[in-house]
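Please open the model in your viewer and keep the selection panel at hand.

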Amino acid sequence: MFSYLGRRILATIPVMAVVAVVVFALLHLAPGDPAAVIAGDQATVEEVAKVRAQLGLDRPLAVQFASWLGNVLRGDLGRSIYDGQPVTRMIAQRVAPTLALSLCTLFVALAVSLPLGIIAAWKAGTWIDRGVMGFAVLGFSFPVFVIGYGLIYLLSLKLEWLPVQGYASLREGVGEFAAHMVMPALALGWVLSALFARMTRTSMLEVLSQDYIRTAQAKGLSNRQVLVGHALKNAAVPIVTTIGIGIALLIGGVVVTETVFAIPGVGLLTVDAILRRDYPVIQGVVLVFSAVYVLINLAVDLSYGFLDPRIRY
Amino acid sequence: MLVGLALLALLAIAAIAAPWLAHADPSAMSPIKRLRPPGEEYWFGTDTLGRDLYSRVLYGARVSLIVGFAVAFLSTAVGLAIGLLSGFARRVDAVLMRIMDGLMAIPPVLLAIALMALTRASMGNVIIAITVAEVPRVTRLVRSVVLTLREQPFVEAAHAVGTPTWRILVRHILPNTVPPLIVQATYICASAIIVEAILSFLGAGMPPNVPSWGNVIAEGRTLFQVAAYIVIVPSIFLSITVLAVNLIGDGLRDALDPRLARRM
């Protein structure tokens, strides 16, 4: 068990190393002089030189990478070109709305997709099954901003139930928080629930054909007990794996959703950074989001033994 | 699948025939006629600069379809090459797979955004950025097919009679990777169309003067409360296009991979 744990944790190191190299290389892979690109089209030669010195771009590549990596490992992601603030602090200030949105989205997605996937598998081949699968295809096909604007149009502009945009923290009251969070979480949750519902159905179908399900039914357990107590428990591993993979979709979606609903989180920070070509911020955000994604998938892997006692490392 | 094919065919015809179907130059401004709601003269209305939305949406279909097909083709070709190499050359396999793992650890939309942020906005760069984000998944798929096939008796037999490796790859392995790759390419096409729209929507995609659906939606964003149709019309077209491609993908999957189809 512990040797597996150790190996699995060690295995994330090369992955993060490649991520670090890619993030670092982003700046240097771009055609032309990165300093000129960052300084912008209208920059004078002096301004370009200033940017180059500021970022240390005049040093040898290996030296730049070593010093950058050293800083990153100490939690220093550099400073914004735009206003000179430390990138780590900029991200830290914006984490709360993004975390709230992500958790609400996951909650919505799971609350919708698990029951749908279970019912679809149970009623496989019927119109209910086809309906759920149809919903899943729609979920894959509608980009998150399309659903977002659809919701705003319906719930804010036509029915006037909810505020159009913005964010309210929990400190401003649960009602305010929920009123601002419902539409973003629904929009992003819709896309994710399509993925989860499909996977839940697939792995439930597999489990439902097993002998022990027939045994459970034969000894007179209710459908609910069979589906949730026996089937879902055994189908959990692939479902949780899909949730781990879905985090990548969630992160990409957060950037878009925060833009549509003007939520001042890390996603909006990313978009602002792109428009300002604030490269240290973009690098920092990509690095942090990737690390979160890798860590969540590490947690997913480690949860297998807990979810399914048959899995021994 | 037939519905998907029919929808996509209609969209492709509209995209190709855009210069003849359009009522006006998609970039022609006429400030006097700005923000006209959809009606008889302007089918889908006009935007803030008085540009005809119907014409812009038609031309937008070109961008989406070109990006979708180009990314699907390029990422499949590159992923196939790397996947074959990785599946057969054990020495490079470990290195290549670590690189792919690393690339896959960066959420694809984020990677595409980061790549676009550094280059100048152009269709070529959008295609390259999305392709880079998609390649690792194709590589993984091809490699897994190759690894399964490599242990099959017919490959062993080919080895035993002295068939050179490249020949085994081309004659025995390659044809077997085609069915799952076609399905994968279709889904990549759908996701590339979405990612292009997202990039343009965020201001990191097509140049602002190109009427791509993402750009049109981004321009209509600030006026959403007054002129929602500027956002809604291209959104509908975008969703229908992606839906059509996804339906084709599902149909192909059912037809080409019966084992998977029964489970999905």
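The expected span of a helix is 1.5 Å times one less than its number of residues. With that in mind, and remembering throughout that this is a predicted model, select residues 87-122 of chain A, which form helix H5. This helix has 36 residues and reaches 49 Å from its first C-alpha to its last, close to the 52 Å expected at 1.5 Å a residue. Now centre the view on Val95(A), where H5(A) bends by about 45 degrees; within four residues after this position there follows a proline, Pro97(A).

Next, show both chains and select the residues where they touch: 40 residues of chain B are in contact with 42 residues of chain A. On the chain B side, the elements that give two or more residues are helix H4 (90-104), H5, helix H8 (165-202) and helix H10 (229-256). H10(B) gives the most, with 10 residues, and the chain B side as a whole divides into 29 nonpolar, 7 polar and 4 charged residues.

For the last stop, select helix H12 of chain A (residues 279-307) together with helix H5 of chain B (residues 108-118), whose axes come within 11 Å and cross at roughly 165 degrees. Angles over 145 degrees count as roughly antiparallel, and H12(A) and H5(B) are therefore roughly antiparallel to each other. Their crossing is left-handed. To see the contact itself, display Ile282(A), Val286(A) and Phe289(A) of H12(A) with Leu110(B), Ala114(B) and Ala117(B) of H5(B); the residues of this contact divide into 6 nonpolar, no polar and no charged.

How values were computed:
Residues numbered from 1 in each chain as written. Chains lettered and ligands numbered in written order. Predicted model: local features only at pLDDT ≥ 70, side-chain atom pairs only at ≥ 80, totals over all residues. Axes fitted to C-alpha atoms, helices over the stretch in contact; angles between N-to-C directions. Parallel < 35°, antiparallel > 145°, perpendicular 65-115°, else oblique. Left-handed = near helix turned anticlockwise from the far one by under 90°. Contact = placed C-beta atoms within 7 Å. Nonpolar A, V, L, I, M, F, W, Y, C, P; charged D, E, K, R; others polar. Bend = angle between axes of the 7 residues up to and from the residue.
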